[in-house]
Amino acid sequence: MKFHSIVKTIACSTAALCLSAAHAEVKIGFTGPLSGPVAAVGQDQYDGFMLGIEALGQKLGGEAVTVLREDDQLKPELGNQIARKLIDRDKVDAIVGLGFSNVLMASLPRIVESKTVAIATNAGPSPLAGAGCLPNVFSMAWQNDGTAEAMGKFAQDSGYKRVYLMAPNYQAGKDYVAGFKRYFKGQVLDEVYTQVNQPDYSAEIAQLQSAGPDAVFVFYPGGMGVNFVKQFSQAGLMKKLPLLSAFTVDGTTLPSLRDAAVGTISGAMWDVALKTPGNAEFIASFTKKYGRVPSHYAAVGYDTAKLLDIAVRKVKGNTADKAAFAVAVKSAGSELKSIRGSFRFNTNNMPVQNYYAFQTVKEGTVVTVKLLSTPLPDHQDSYVAQCKVK
């Protein structure tokens, strides 16, 4: 919290009086991938967050707010540098965004040391959900395994027996594969890890085709997803093999994929097909302001602004007490009216929420999504018992 002094003729007799005699400004640092193949992922989070602040009258908890934006370029070492800059030089009250799981994990050292509130809007790596959980670090998005677990449950319920798995070779990729296998009880023919931001999947697609699976599950966010799905479709596999995915076909990739994505089934905690309170208004506001349909990344950013509004109000603007602010953020999760539906923070600061299955369909000339089912309602992650934070 940054306090701008107001001249007074009398001295402050107590800390509370001093606080009331100051004008508070909440300073938030946003960091995420805003350039490169996955720039749309970071941009949607930022735009959703800023739309949420705009809906709150450009304030959080009634206090003026400043948002500083940084591009981590999907580079862990740069993410670490940005976290240090935001905390040590810019003196932010909270950091929002924090990029992909590998960037988030690299950013933790200074966040842990400083006890600054950090709210991830695109990651929930398993180490942070289990024994490595932290009282000041939250995921407003998901624990990484969640959407993949929903797709594993969907595959199991659909009667698939032999599934082929693919993901990028980093923490989230491994989490998603592990999550799928946790709920799918059939045979995993292979699990293939590709380079992050790999553009060509023709060799891997040929290998999976020769394996003869009943279905394929992939996790390829951003530009990786566009490349993979287009190549999968061009290989003539879309009508032959069910393609299940997490964060591969979504609001950031569908404009580029269009017909190539029709038929795919995706696990997510939000999409435009949901009929939850406030969702239609959010979609309309986002579309009007930015000229595109929001993704779940934007939905998480929007929810995060509303969460911080509740938390800042709880501490009456005194975010300088970092421990109290972290407690307020946690309790705010139970009060939040999320556009995704049911939401609260578990003891490990990961979401407890619904995970849905959506199918990409074509209605006339429009490619959109429809809700198929809720494979995992009010779902908590598999690591929470290992967390000792209460």
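Predicted model: local features only at pLDDT ≥ 70, side-chain atom pairs only at ≥ 80, totals over all residues.

1. The largest pocket holds about 400 Å³ of space, and of the 16 residues that line it, Leu254, Val272, Val293, Val367 and Thr368 lie nearest its centre. Two or more lining residues come from each of α10 (254-257) and β15 (366-379), with β15 giving the most, at three residues. By class, this lining has 10 nonpolar, two polar and four charged residues.

2. About 200 Å³ of space lies in the second largest pocket, where Leu134, Pro135, Asn136, Ala323 and Ala326 are the closest to the centre among 13 lining residues. Helix α13 (residues 322-335) gives the most to this lining, with five residues.

3. Among the 18 salt bridges found in the whole structure, Lys289 pairs with Glu54 at 3.0 Å, N to O. Because Lys289 lies in helix α11 and Glu54 in helix α2, this pair ties together parts that are 235 residues apart in sequence. Lys289 is partly exposed at 43% relative accessibility, and Glu54 is partly exposed at 37%.

4. Arg182 and Glu149 also form a salt bridge, their closest N and O atoms being 2.6 Å apart, and the pair ties helix α7 to helix α6. Arg182 is partly exposed at 28% relative accessibility, whereas Glu149 is buried at 1%.

5. Asp309 and Arg313, whose closest N and O atoms are 3.4 Å apart in a salt bridge, are separated by about one helical turn because they stand four residues apart in helix α12. Asp309 is buried, with a relative accessible area of 11%, while Arg313 is partly exposed at 47%.

Definitions and conventions: Residues numbered from 1 in each chain as written. Heavy atoms only, no water. 1 Å grid on protein atoms, 1.4 Å probe; cavity = no way out; pocket = protein on both sides within 12 Å on 5 of 7 lines; lining within 4 Å. Points joined across faces, edges and corners; volume = space filled by probe spheres on them. Nonpolar A, V, L, I, M, F, W, Y, C, P; charged D, E, K, R; others polar. Salt bridge = Lys/Arg side-chain N within 4 Å of Asp/Glu carboxyl O. Buried < 20%, exposed > 50% of the residue type's maximum accessible area, 1.4 Å probe, protein only.
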